[in-house]
Amino acid sequence: MQPQSFPAKSGVSNRFVVGLLMLFALPFIAGGLLALVQGIRHYRTNADAIAPIIVGAVLTAAGLLLVWGGRYAASAIVKRDAMQARDPGKPWMWRQDWVERVIKDSTKGGAIGIWIFALLWNAVSFPAALLIARPELAKGNQAALLVLLFPLIGIILLITAIYQTLRSMKFGTSTCHLEQVPIVPGRRFRGDIELSMETAPQNGYQVRIASVHAVTARSGRSHSTTEHLLWDAEIVVDAAAAMRSPMGVRVPFELATPPDSHTTDESDIYDRYFWRLSASAQFPGVDYAAQFQLPVFQTGEEVDGSEFAAFQERHRTEAARHQLPASSGVQITPQPGGGEEFRMQARKTIGATLRSLLFLAVWNAAIVAMIYFRTPWGFPAAFIAFDLLLIIGGIDYFLGQTTVTVGATGVSVRREWLGAGRTKSYDAATIASIDGATAGENSTSFGVTLKFSDGSTRVLASYLPDRESADIVAAKMMADLGRA
């Protein structure tokens, strides 16, 4: 295999994006200053002028933050271009944190982004709701209360931003220390995650690696990015394995990537491939969470995949020995003729139920608002179509149940709702593996996937509470097949 190289055009594209960011910030600053001046000028004679003062202050602050972000990004691009010139053909040497093998948590930048968005949203939604709802309510138009949904969303955004800030204050800025760089597909790699915390989590640390394909779709001035999960794996590091450090503790980990996996490639900002390492743990109050971008590249060396196969086998063997927690929602019953029956259904919690009902209420209120204010029919139609999917998913979540029977001869799967359903069977000779799976990047839904010899897949079960439970169920099923 040959080392990777990337075209030099990426720097030009990034400079263009930074320039657009700076231009995008100017209207916020100009509009914010204008609103501030007008609000201050009329505040003595009109108490309602407090609204433009608040809006102006927030817009000006957001614009200045965007300018600062653009200048910071421009400086980073200059440094990266110098590193590219120094080490052409070695993209793992183009970032200082990769060179030093010390990668900082990337969620801190995300928290700043949430704060900016929350401030902008509230700066617009609260004054708009006040100006629209108050006169309509005075006329007896109760439908105007729907406008208050937008400030409610703003409050949720603020709560999210505050939670992210509290997490940063509690755990500091985590760093990931890698033993070597780059990470080569098919090879094992080691490292540790350092965080400012001395209290040990009861359930250990969840460390997850994921290969992600991010595609940005452009339509006029709007952009939307969709992340596709290509591959992932998760291990649980016992709290007793953590080591003391001057900062707090270091959590060691060892992982491996598939030999045929896609490597890091960010030469096209609209079509990127990258690797993300995530760490999480449950603590009283605020839970721990951090993310790190890993350098995964080909270096030209031959890799036979044996290290990855050994890692997979060891991980599956360890998972098969573990017992499922009661919160998994899985009941395992040994079968008289050998094998086991796995009865699985979503483990309903008060928090998850309330979140689902709240989201449905807000979504349907938005539909009512669009119909009331006579929005073009295409928008409510799209919302109603998605609403039906949400309702179907809710019925499946609350009423669905899956029974999987696994033995040496094969797998039998029955999906039913209130006792009604159908059963499918698969011969053991057609089955390549059974694996734990994640519904998608950043998803909190986990399941078990059946992979056939021809490469096709079938979802055996969904709604498991965590990746560890999914891996344990998959490992036990493989053992029942005689593939442990």
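Ring pairs join Phe359, Trp363, Phe383 and Phe386 into a cluster. The model is predicted: local features need pLDDT of at least 70, side-chain atom pairs count only at pLDDT 80 or more, and totals for chains, interfaces and linings use all residues. Residues are numbered from 1 along each chain as its sequence is written, and side-chain values use heavy atoms, with hydrogens and water left out.

In total, the structure contains 15 aromatic pairs. Rings of Phe, Tyr and Trp (its six-membered ring) pair if their centres lie within 6.5 Å; planes under 30 degrees apart count as stacked, over 60 as edge-to-face and the rest as tilted. The Phe171 and Phe283 ring centres are 5.3 Å apart and the planes meet at 50°, so this pair is tilted. The pair links distant parts of the chain, 112 residues apart. Phe171 belongs to helix α5 (residues 149-171), while Phe283 sits in the loop between β8 (271-281) and β9 (288-294). Helices (H or I, at least four residues) and strands (E, at least two) are DSSP runs, numbered from the N terminus.

Phe171 is buried, at 1% relative accessible area. Phe283 is also buried, at 6%. Buried means under 20% relative accessible area, exposed over 50%, and partly exposed in between (1.4 Å probe, protein chains only).

Trp363 and Phe386 form a tilted aromatic pair, with 5.1 Å from centre to centre and 50° between the planes. Trp363 lies in helix α7 (residues 350-372) and Phe386 in helix α8 (residues 378-399), so the pair ties together parts 23 residues apart in sequence. Trp363 is buried, with a relative accessible area of 19%. Phe386 is partly exposed, at 37% relative accessibility.
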